[in-house]
2 protein chains.
Amino acid sequence: MLGDTFKALSDETRREILMMLRKSDMTAGEIAESFSTTHATISHHLKILRDANLVSMERHGQNNIYSLNTTVFQDLLAWLVNF
Amino acid sequence: MLGDTFKALSDETRREILMMLRKSDMTAGEIAESFSTTHATISHHLKILRDANLVSMERHGQNNIYSLNTTVFQDLLAWLVNF
DNA sequence: AGAATATTTAGATAGGCATCTAAATATACA
DNA sequence: TGTATATTTAGATGCCTATCTAAATATTCT
């Protein structure tokens with residue numbers, strides 16, 4: 001749903017997470033350490049990004065590795081171009 | 001602020017208003033009659049769209065005429081293209 | 001198996017938001 | 001000047017959300 005995408009992108013922390021993931025994939029812990037909030041809070045943000053299909057996750061041992069998912073950005077672009 | 005833009009776009013009603021304004025400028029009343037909510041609610045949505053600079057308003061007699069403001073969409077596109 | 005590490009989930013709280021009704025403001029018209 | 005019309009503002013309500021602490025789950029290592 002487009003609304004979920006915009007809602008996910010409306011939070012500054014989540015936008016920063018996406019910016020970070022442009023450079024390289026990261027574990028949940030690495031992401032969390034870039035912020036002053038708790039790991040639990042970042043985990044919550046990551047779930048919202050996952051639900052919006054903006055990132056994808058893969059388990060590697062103890063780590064959950066997050067990576068950017070560009071397909072939804074293209075949908076967004078397609079919507080925006082109408083304006 | 002980018003967050004305000006996304007927040008404004010995260011609401012379905014507001015996105016529909018923007019879609020309608022693509023075709024032509026409209027008065028607040030004309031916009032409100034396209035929805036099943038009250039005029040007060042639509043007025044609230046219009047204020048959020050105004051604050052986000054997604055629409056602009058001009059008074060004409062008793063009517064407030066709303067029109068689309070495309071500059072912010074371009075900022076948004078610029079941001080999205082980075083992904 | 002047991003301890004340490006990585007991450008998420010559960011439950012609580014405070015602030016934000018969409019919506020409503022009722023009232024206020026502004027303009028036009030008779 | 002007073003009434004009707006167009007629109008917004010104020011105040012209330014119920015829901016959603018970002019955040020926290022504490023606990024649960026999963027995996028690795030000794």
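Chain B has 15 residues in contact with 15 residues of chain A. The model is a predicted one.

**The side of chain B that touches chain A**
- Three elements of chain B each give two or more residues to this side: α1 (2-9), α2 (12-23) and α5.
- By class, the residues of this side are eight nonpolar, four polar and three charged.

**The pair of α5 helices**
- Two packed helices are described by the angle and the distance between their axes.
- Here, helix α5 (residues 71-80) of chain A meets helix α5 (residues 71-80) of chain B, with axes that come within 11 Å.
- The axes cross at roughly 160 degrees.
- Angles over 145 degrees count as roughly antiparallel, and α5(A) and α5(B) are therefore roughly antiparallel to each other.
- Their crossing is left-handed.
- On α5(A), the contact is made by Phe73(A), Leu76(A), Leu77(A) and Leu80(A).
- On α5(B), Phe73(B), Leu76(B), Leu77(B) and Leu80(B) make the contact.
- This contact has eight nonpolar residues, with no polar and no charged ones.

**Around DNA strand C**
- DNA strand C is surrounded by 24 residues.
- The closest are Thr27(A), Gly29(A), Ala40(A), Ala40(B) and Gly61(B).
- From chain A, α3 (28-33), α4 (39-51) and β3 (63-68) each give two or more residues to the surface near the strand.
- By class, the surface near DNA strand C has 16 polar, five nonpolar and three charged residues.

Conventions: Residues are numbered from 1 along each chain as its sequence is written. Chains are lettered from A and ligands numbered from 1 in the order in which they are written. This is a predicted model: local features need pLDDT of at least 70, side-chain atom pairs count only at pLDDT 80 or more; totals for chains, interfaces and linings use all residues. Axes are lines fitted to C-alpha atoms, for helices over the stretch in contact, and angles run from 0 to 180 degrees between N-to-C directions. Helices (H or I, at least four residues) and strands (E, at least two) are DSSP runs, numbered from the N terminus. Angles under 35 degrees count as roughly parallel, over 145 as roughly antiparallel, 65 to 115 as roughly perpendicular and the rest as oblique. A crossing is left-handed if the near helix is turned anticlockwise from the far one by less than a right angle, and right-handed if clockwise. Two residues are in contact if their C-beta atoms, placed from the backbone, lie within 7 Å. Ala, Val, Leu, Ile, Met, Phe, Trp, Tyr, Cys and Pro count as nonpolar, Asp, Glu, Lys and Arg as charged, and the others, Gly among them, as polar. A residue is near a molecule or strand if its C-beta atom, placed from the backbone, lies within 6 Å of it.
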